[in-house]
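These are my notebook entries on a single structure. I set down what I looked up, topic by topic.

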Amino acid sequence: MDRTKVAEQVYKLSQSDHHLAPLVKEALDVIEQCLDSHGLDATSLSFNGGKDCTVLLHLFAGALARRFPREGAVKPIPALCIPVASPFADLEMFVDETVEAYNLDLYSCQAPTFSPALKSKGGTNNTASHCFRQSNVKGSLCMREALQMYKDTFPQITAILIGTRRADPHGARLSHRAMTDPGWPQFERVNPIINWSYSDVWTFLRYLNVPYCCLYDQGYTSLGSTFNTSPNPALLISEITTRELHLDPAASLTTSSLISPANALSEVMSKMHKAGVDGTLSTFLANTSGITKGTLAHESNGSLLEMGPKGFQFHTASRYLPAYELKDDSLERCGRGTISKA
């Protein structure tokens, strides 16, 4: 990832007549103000591979290259990741790829209850790059302990850039900059894209061709644990694909003996019931040998059945649109909390 080119991209966009320009300029201004207050070596980025922090990383990389042409264009970017329980493998792979692409020095942790395993995540400070993984740790205590570990390991870090937006839980009342709560490790929390919408995020990523996690192309719109995240049902669509199945010619009826579409539908439905909804197509066809001509259609469980002169045609397909196709921003989190696993 050439950060100098990234800087040219994002600053050009901020000064254009594109509808995103004011939001991009605002975000870059907030990042620059943070660097004014804390400096290059005291500012870190929260990154977990999600779409929002991917936007923020791209903006931050550009701001660093623009502000510090020598150091900012090549120096590893300090970053923190607090993984969820049971993360998606594709998300972890994307994080690893992003570490490489943007040259992140990523510190990844959860609350420790056992001896930590050392894991380098890029950058030059390998001795300080630890990864603690525990599948049953949840809640704010984990977050607090993780931040305390980060503060203990990197005491020079005083500000963390976060990709929170107002539509996120607890995001409605946040401002661009605020200190952590009393009793928490003291960092300034900086929210450069707080005023961005879901659609703004996707417009930015696609307009600048920023790489993002492949799960978003599979209908996921908000990523969490595999325990509570599924593709967004608002993006589920049905498509018509045709598969023609021929009946045994010996079972064909003469034209004079054709039954009416209404009777055909009744008989086919009866035969489908006998075969069972989950029965095989061969079983179903074996029970419908008396119907070979005419047309009928039946939609059930996303399937369309049509009977033509040569046999039955099954039109069955459903898939999820990519995340950027979601038209209603308020439905962003509809795929969260819909899976329950032991």
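I looked up tyrosine 212 and found it partly exposed, with a relative accessible area of 22%; the classes are buried under 20%, exposed over 50% and partly exposed in between, with a 1.4 Å probe and protein chains only. Tyrosine 216, at 1% relative accessibility, counts as buried. The two form an edge-to-face aromatic pair, 6.4 Å centre to centre with 65 degrees between the planes. Rings of Phe, Tyr and Trp (its six-membered ring) pair if their centres lie within 6.5 Å; planes under 30 degrees apart count as stacked, over 60 as edge-to-face and the rest as tilted.

**Basis of the entries.** I note that this is a predicted model, in which local features need pLDDT of at least 70 and side-chain atom pairs count only at pLDDT 80 or more, while totals for chains, interfaces and linings use all residues. Residues are numbered from 1 along each chain as its sequence is written, and side-chain values use heavy atoms, leaving out hydrogens and water.

**Other aromatic rings.** I found 10 aromatic pairs in the structure. Tyr107, Tyr150, Phe154 and Phe187 form one aromatic cluster. I also looked for charges over rings, which requires NZ of Lys or CZ of Arg within 6 Å of the ring centre and within 35 degrees of the ring normal. The charged end of arginine 66 sits over the ring of tyrosine 11, 4.2 Å from its centre. For arginine 206, the ring is that of tyrosine 324, and the distance to its centre is 3.6 Å.

**The nonpolar cores.** A nonpolar core is a set of buried Ala, Val, Leu, Ile, Met, Phe, Trp, Tyr and Cys residues joined through side-chain atoms within 4.5 Å. Which members of the largest core touch the most other members? Among its 59 residues, they are Leu59, Trp196 and Phe204. Elements that give two or more residues to this core include α1 (3–14), α3 (51–67), β2 (77–81) and α7 (198–207); helices (H or I, at least four residues) and strands (E, at least two) are DSSP runs numbered from the N terminus. The largest share, 10 residues, comes from α3. Apart from this core lies another, of 11 residues, among them Tyr107, Ala146, Leu147 and Ile160.

**Helix α3.** I recorded 15 of the 17 residues of α3 as buried. From first C-alpha to last, α3 reaches 24 Å, close to the 24 Å expected at 1.5 Å a residue, where the expected span is 1.5 Å times one less than the number of residues.

**Phenylalanine 204.** Leaving aside neighbours within four places in sequence, I listed the contacts of phenylalanine 204 (heavy atoms within 4.5 Å). They include Val10, Leu13, Val24, Leu59 and Trp196.

**Two asparagines.** Most residues other than glycine have a negative phi. Asparagine 103, in the loop between α5 and β3, has a positive phi near 60 degrees. Asparagine 209 has a positive phi of about 55 degrees and is found in the loop between α7 and β9 (236–238). Is asparagine 209 buried or exposed? At 66% relative accessibility, asparagine 209 counts as exposed, and asparagine 103, at 25%, as partly exposed.

**Confidence.** The mean pLDDT of the chain (the predictor's confidence in each residue, from 0 to 100) is 77, and 66% of residues reach 70 or more. Confidence is highest in α7, at 98, and lowest in strand β5 (residues 130–131), at a mean of 32. Over residues 271–303 pLDDT stays under 50. Where pLDDT is low, the predicted coordinates should not be read in detail.
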